[in-house]
Every structure is written in structure tokens, then in C-alpha cells.
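Visitor: I am new to this structure and would like to learn how to read it. Please show it to me, and I will ask about one feature at a time.

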Amino acid sequence: MTDVPVAHGATEQLTQKLGVDIDPELLLLALTHRSWAYENGQGPHNERLEFLGDSVLGQAVTVRLYTRHPELDEGSLAKRRASVVSTVALAEIARGIGLGEYLRLGKGEDQTGGRDKDSILADTMEAVFGSAYLSAGPEAASALVLRLVEPLLADPERYGAAMDPKTSLQELAARRGVGAPTYSVTASGPDHDRSFTATVTVGDVTGTGAGTSKKFAEMAAALCAWHELSARA
């Protein structure tokens with residue numbers, strides 16, 4: 001897929017999904033990966049917005065956890081925050097809103113599965129938060145963050161799954177008596193820009209995931225399988 005849909009009104013479509021009035025040019029910048037910028041005259045890309053969005057995300061989640069859980073100590077709060085703002089969790093949120101289809105990627109990145117890479121999806125999600133902050137202000141940006149991360153915040157068991165999906169899947173499999181998870185990983189792309197796809201099988205459940213390393217791909221696959229196995233409870 002090229003960036004043509006983005007240039008023809010998909011930013012408006014995405015804005016409607018997000019429910020926040022984001023400036024179209026800022027949103028387009030948030031969706032622009034450095035690989036696209038390098039192939040199109042070294043133009044601007046989303047890394048500065050990502051930097052801003054990381055702070056917006058962290059503050060919103062920190063305040064919500066602090067006010068909602070007066071019973072938790074600092075260590076417990078920090079653990080929960082780390083899981084919610086993790087690359088795996090943010091990538092899951094991004095997939096939930098179909099963010100990958102709106103990305104502006106260079107041809108090479110696009111051809112090697114960049115639209116479903118955890119790292120790219122998570123970074124772009126943060127850039128979107130940054131664009132919301134600049135367009136609609138801190139309150140609207142925080143509200144957007146909390147609306148999207150609420151499924152994680154509302155389900156304590158998912159904290160562990162988002163933080164360490166491989167361990168969580170193994171523990172869940174043991175409780176269900178379906179045997180230990182088994183993983184297989186394939187790699188593609190040049191040595192300097194490898195893309196990995198992992199598949200995990202546990203009982204009759206299969207999960208797949210992609211990432212820029214074997215570790216991230218296996219984590220994404222494990223989280224996918226954990227959700228499927230949990231849903232069968």
C-alpha cells in the first residue's frame with residue numbers, strides 16, 4: 001500500500017475514529033515514518049511528535065493510576081504504568097484502530113511488513129498523541145490516551161500479559177492444561193533492516209506477531225495467543 005489513501009482524505013477518516021479534532025497537517029506528519037521522508041527529499045517525519053506524545057502518554061497514565069489506585073505502592077504503580085506504555089501494548093492499541101493502513105512508509109519498509117511492526121506502530125501511536133496535544137490541547141490529548149488504554153487499565157490480568165506476554169502465556173497454558181507454547185520464527189529483509197515474524201502454538205490456539213527482532217516478534221505472537229486463550233475461558 002502507498003500513502004495515496006492518506007493524501008486523499010484518510011486523515012479525516014482517522015480523525016473521526018480518534019474522536020479528536022486534530023489538525024490534518026499535524027496528523028499527516030504523525031503518520032510519516034522517517035523511511036518515507038528519506039525517500040521524498042529528506043522532509044520532516046514524526047519523531048519529534050513521538051517525543052512529545054511519549055510525555056503526554058506517560059503523564060495521562062500516571063495520573064489515572066495514581067488517582068484510581070490509592071492502595072498501590074510506588075513499585076506497583078510503576079509496574080502497571082510500564083506495561084500500559086510498553087511497545088507491545090501500544091502496538092496492540094494501534095492495531096485496534098487500524099493505524100497501520102494510514103502510515104506513510106518508504107517502499108522498502110512497506111514491503112518488509114512495516115505496517116504491522118510493533119516498534120513502528122507504537123512510535124506512531126505516540127506521535128498521534130503528540131499531534132492531538134498540539135491541535136486540541138492537553139485535556140483532549142489526555143482523554144484520547146485514556147480512552148485508548150482503558151481496556152488495559154480495566155483488566156488487571158492484562159498488565160502482566162502486556163509486560164511479559166511469553167511468561168503470561170506459559171502460565172495460562174499451564175493452568176488450562178494445554179501444554180507448553182512452541183514458537184517458530186522467520187526473518188526477511190537485508191541484514192541491516194531485518195523483519196521477523198513469529199508463530200506460537202499452544203494447544204489448538206495459534207498466535208502470530210511481527211517485530212524488528214526475534215524477541216519482539218515472539219512477544220507479539222504470545223500476546224495474540226494469550227488473548228485468544230483467555231477468551232475461551
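Visitor: Leaving aside its neighbours within four places in sequence, which residues is Leu148 in contact with?

Guide: Contact means heavy atoms within 4.5 Å. On that basis, and with neighbours within four places in sequence left aside, Leu148 is in contact with Leu18, Ile93, Ile97, Met125 and Phe129. Before we go on, note that this is a predicted model, where local features need pLDDT of at least 70, side-chain atom pairs count only at pLDDT 80 or more, and totals for chains, interfaces and linings use all residues. Residues are numbered from 1 along each chain as its sequence is written, and side-chain values use heavy atoms, with hydrogens and water left out.

Visitor: Where is Leu148 placed, and is Leu148 buried or exposed?

Guide: Helices (H or I, at least four residues) and strands (E, at least two) are DSSP runs, numbered from the N terminus. Leu148 sits in helix α9, residues 138-154. Buried means under 20% relative accessible area, exposed over 50%, and partly exposed in between, with a 1.4 Å probe and protein chains only. Leu148 has 16% relative accessibility, so it counts as buried.

Visitor: How many residues apart in sequence are Leu148 and Gly96?

Guide: They are 52 residues apart in sequence, while their C-alpha atoms are 9.0 Å apart in space.

Visitor: What can be said of Thr15 in the same terms?

Guide: Thr15 belongs to helix α1, residues 4-18. Its relative accessibility is 15%, so Thr15 counts as buried. Apart from neighbours within four places in sequence, Thr15 is in contact with Val20, Asp21, Ile22 and Leu27.

Visitor: How many bridges join strand β1 to strand β2?

Guide: Two strands pair if DSSP finds at least two bridges between them. Here seven bridges join β1 (residues 182-188) to β2 (residues 195-202), and the two run antiparallel. Thr186 has Thr197 in β2 as its bridge partner. Six residues lie between the strands of this hairpin, where Gly189 takes a positive phi near 90°.

Visitor: How many helices and strands does the protein have, and what is its radius of gyration?

Guide: There are 12 helices and three strands. The radius of gyration is 18 Å, close to the 17 Å that the globule rule gives for 233 residues, so the protein is as compact as a globular protein of that length. That radius is taken over C-alpha atoms, and the globule rule is 2.2 Å times the number of residues to the power 0.38. Along its principal axes, the C-alpha trace spans about 55 × 45 × 25 Å.

Visitor: What share of the residues is buried?

Guide: Buried residues make up 46% of the 233.
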